[in-house]
Amino acid sequence: MKKTLIAAAALTMLAGCQVTQSPTGRTQALMYSAADMNTLGAQSFEEMKSQQKIVTDKRITNYVGCITNAITKHVPASYGVDKWEVVVFDSEQVNAFALPGGHIGVYTGLLNVATTPHQLAAVLGHEVGHVLANHSNERLSRNQLTSMGMQAAGSAIDLAGMQNKELWMQGLGLGAQYGVAMPFGRKQESESDKIGLDLMAKAGFKPEHSVSLWQAMAKASGGQQPMEFMSTHPSNERRISDLQKNMTSAQALYTKAAVKPNCTK
Ligand SMILES: [Zn+2]
């Protein structure tokens, strides 16, 4: 215990790391400020928007917006972002992502697999969970520490020039577009599952649809559609049984939810 504390303190001094706690109480070493991460998120989102076809069909954008609005309304004020930007990309990819600073991307291919609003809410709750728990910051910090060594670790993130853009975007979880899918770790995945389950339930979506979502994902991954989401989010028995363990408390949150959104296509 003492050794860990000393090591953590050394890390803080040398690298400018902040040792902090995730929303579920896990210890994290974060090298970047929230402001840096938000800038990186905003710049990467602009990049995505400039490169991919955006859906303007109101029937689809209103449907996705209905679900994302309900979810982001329940993001704790402590996260410091009250306005989230949502874009639907016209692509067969089965994928969605959320970026630091409040940006959400949904691919139309996902709507063929997450067929109910509750299932789509499960994906979005999970993705927002990664953001709320600072998983990109954690991953970029770890990459920086391992690849550049302790001495260079304090160097500033190059946001203006976006040097090593591909690397940053992979760190944010946007690797699939650049040919390298970089999954989050198992601890981060199960943390996002827990945060996302509670978030969707508070937003008035049926939490049990998270289980049918992962089953639908597993089934679809045997088919013809490109499954970017499954390449970074393996659906396994463990994920589903962990969700089921948390289901009773999530259902209590759903019952208490003041609003049960009626999102239709
Ligand atoms: Zn995930």
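Rings of Phe, Tyr and Trp (its six-membered ring) pair if their centres lie within 6.5 Å; planes under 30 degrees apart count as stacked, over 60 as edge-to-face and the rest as tilted. By this rule there are five aromatic pairs here. The model is predicted, so local features need pLDDT of at least 70 and side-chain atom pairs pLDDT 80 or more, while totals for chains, interfaces and linings use all residues. Residues are numbered from 1 along each chain as its sequence is written, and side-chain values use heavy atoms, without hydrogens and water.

**Aromatic rings**

- F89 and F97 are a stacked pair, with 6.2 Å centre to centre and 25° between the planes.
- F97 and Y107 are a tilted pair: their ring centres are 6.3 Å apart and their planes stand at 55°.
- F97 belongs to strand β4 (residues 96-99) and Y107 to strand β5 (residues 103-107), so this pair ties together parts 10 residues apart in sequence.
- F89 is buried (under 20% relative accessible area; exposed is over 50%, partly exposed in between; 1.4 Å probe, protein chains only), at 0%.
- F97 is buried at 4% relative accessibility, and Y107 is buried at 0%.
- F45, F89, F97 and Y107 make up one aromatic cluster.

**Charges over rings**

- R239 places its charged end over the ring of W214, 4.0 Å from the ring centre.
- K260 does likewise over the ring of Y254, at 4.8 Å from the centre.
- The criterion is NZ of Lys or CZ of Arg within 6 Å of the ring centre and within 35 degrees of the ring normal.

**Nonpolar cores**

- A nonpolar core is a set of buried Ala, Val, Leu, Ile, Met, Phe, Trp, Tyr and Cys residues joined through side-chain atoms within 4.5 Å.
- The largest one has 50 residues, and I67, I71, L110, L120, V128, F205 and M217 have the most contacts inside it.
- Helix α4 (residues 117-132) supplies the largest share of this core, eight residues.
- Apart from this core lies another of 16 residues, including M37, F89, L140 and M169.
- I71 touches A121, G125, V128, L199, M200, A203 and F205, leaving out residues up to four places away in sequence.

**Whole chain**

- The protein chain has 11 helices and five strands, taken as DSSP runs (helices H or I, at least four residues; strands E, at least two) numbered from the N terminus.
- Of its 265 residues, 50% count as buried.
- Contacts (heavy atoms within 4.5 Å) with a separation of 6 or more are 73% between residues 24 or more positions apart.
- The accessible surface (Shrake-Rupley method, 1.4 Å probe) is about 12700 Å², with 53% belonging to carbon and sulfur atoms.
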